[in-house]
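Have a look at the structure first, then read on.

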Amino acid sequence: MSSRAAEQTEHLEQASDHDAHAGHPTEAQYIKIAVILATITAVEVGLYYTSFSTVATNATLIVLAGVKFVIVAAYFMHLKFDNKILRRLFITGFVLASFCYIAYLLTLGVFQ
Amino acid sequence: MSVTTDIAAAPATPAVHADGHGHVTNTGLSNEKLAMWAFLGSECLLFGALISTYFLYRGKSVSGPTPKDIYDIPYTSVSSFVLLMSSLTMVLALAAIQRGDHRRLRVWLVATALLGASFIAGQVYEFTSFIREGLTIKTNLFGSSFFVLTGFHGVHVTLGIVMLLSLWNLSLRGKLPQEKSEVVEIAGLYWHFVDVVWIVIFTVIYLIPS
């Protein structure tokens, strides 16, 4: 490969390297995210001890777990910032698993 | 070959290094990172099967102990908090290597491994106390599905700790330069996945009463 082509490739690599980490949260933002996650966990544990309606409590617990799941995947695993292919790959596995097992449990009458 | 011909012969889509660390790929993504995400997608199916089995057998044990008899929610909440915080130390380790701070990388890697080890120690204590109270993997359907699910998760955490200590060792020997930060990122993906699986387990197994 000629020196000019090599330079061009190197430039693209550097650009890609820069882009790969661009937009990632800073350390202070990571700590804020961890505080949010810890707070949600505390709320979940608090809900466990409340005497509200079981259906409402369970629904809230599932929503809060979902929020924590999305926060970790989006910010700590960088799915929010990375290539869309990676996001689609993981979401495909997750959605496939969810549909497959919900259908399986419904068929066996687990939620009745 | 002339310079012009050389550039013209390059593929229409620039084949650049994924994150600047792997080899050249057509997608512009590193094969290793792509493989880890595909693996994590498949892990959703594994843990989905184990959680579904727990649901299927929930409340169907003909003899005790039952979840309400033996769960210690405050204790498990602390374990969950420890694992959640290990995700923070993991991203801080990644941020450290990305800016070339190898000393902090090692500090955060060891912190993550220690938090993971604390979680595992907590799980061993929990399993031991359950067995002392009469719940083993063979006692009833709850025992079988509970120990298999949480045991599989514990094995995943243990493998993650081995990965983290291997990275710490590589860094200590100077074999983990800044350009190879993607290795830490990939190990981090696995670690965070183990954390998100526990987020689901903690809610659906421990907090939602049967």
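1. Chain B has a mean pLDDT of 88, with 88% of its residues at 70 or more. For chain A the average is 83, and 80% of the residues score at least 70.

2. So where should you be careful? In chain A, pLDDT stays under 50 over residues 11-19, a stretch with 13 contacts beyond four places in sequence. In chain B, residues 1-20 stay under 50 too, and there the model has 40 contacts beyond four places in sequence. Where pLDDT is low, the predicted coordinates should not be read in detail.

3. Chain A is split into domain 1 (25-81) and domain 2 (82-112). The C-alpha centres of these two domains of chain A are 20 Å apart.

4. Now for a helix pair in chain A. Helix 2 (residues 27-48) and helix 3 (residues 54-76) of chain A have axes that come within 10 Å and cross at roughly 165°. Because of that angle, helix 2 of chain A is roughly antiparallel to helix 3 of chain A. Their crossing is left-handed. On the helix 2 side, the contact residues include Ile33(A), Ile36(A), Leu37(A) and Ile40(A); on the helix 3 side, they include Leu61(A), Leu64(A), Val67(A) and Ile71(A). Sorted by type, the contact residues come out as eleven nonpolar, two polar and two charged.

5. Chain B has a helix pair worth a look as well. The axes of helix 6 (residues 141-172) and helix 7 (residues 181-207) of chain B come within 10 Å, crossing at roughly 155°. An angle over 145 counts as roughly antiparallel, so helix 6 of chain B and helix 7 of chain B are roughly antiparallel to each other. The crossing of helix 6 and helix 7 of chain B is left-handed.

6. What meets what between helix 6 and helix 7 of chain B? Helix 6 of chain B brings residues including Leu149(B), His153(B), His156(B), Gly160(B) and Met163(B), while helix 7 of chain B brings, among others, Val183(B), Tyr190(B), Trp191(B) and Trp198(B). The residues of this contact divide into 14 nonpolar, four polar and no charged.

Definitions and conventions: Residues numbered from 1 in each chain as written. Chains lettered and ligands numbered in written order. Predicted model: local features only at pLDDT ≥ 70, side-chain atom pairs only at ≥ 80, totals over all residues. Axes fitted to C-alpha atoms, helices over the stretch in contact; angles between N-to-C directions. Helix = DSSP H or I, 4+ residues; strand = E, 2+ residues; numbered from the N terminus. Parallel < 35°, antiparallel > 145°, perpendicular 65-115°, else oblique. Left-handed = near helix turned anticlockwise from the far one by under 90°. Contact = placed C-beta atoms within 7 Å. Nonpolar A, V, L, I, M, F, W, Y, C, P; charged D, E, K, R; others polar. Domains from an automatic or database assignment. pLDDT = per-residue confidence, 0-100.
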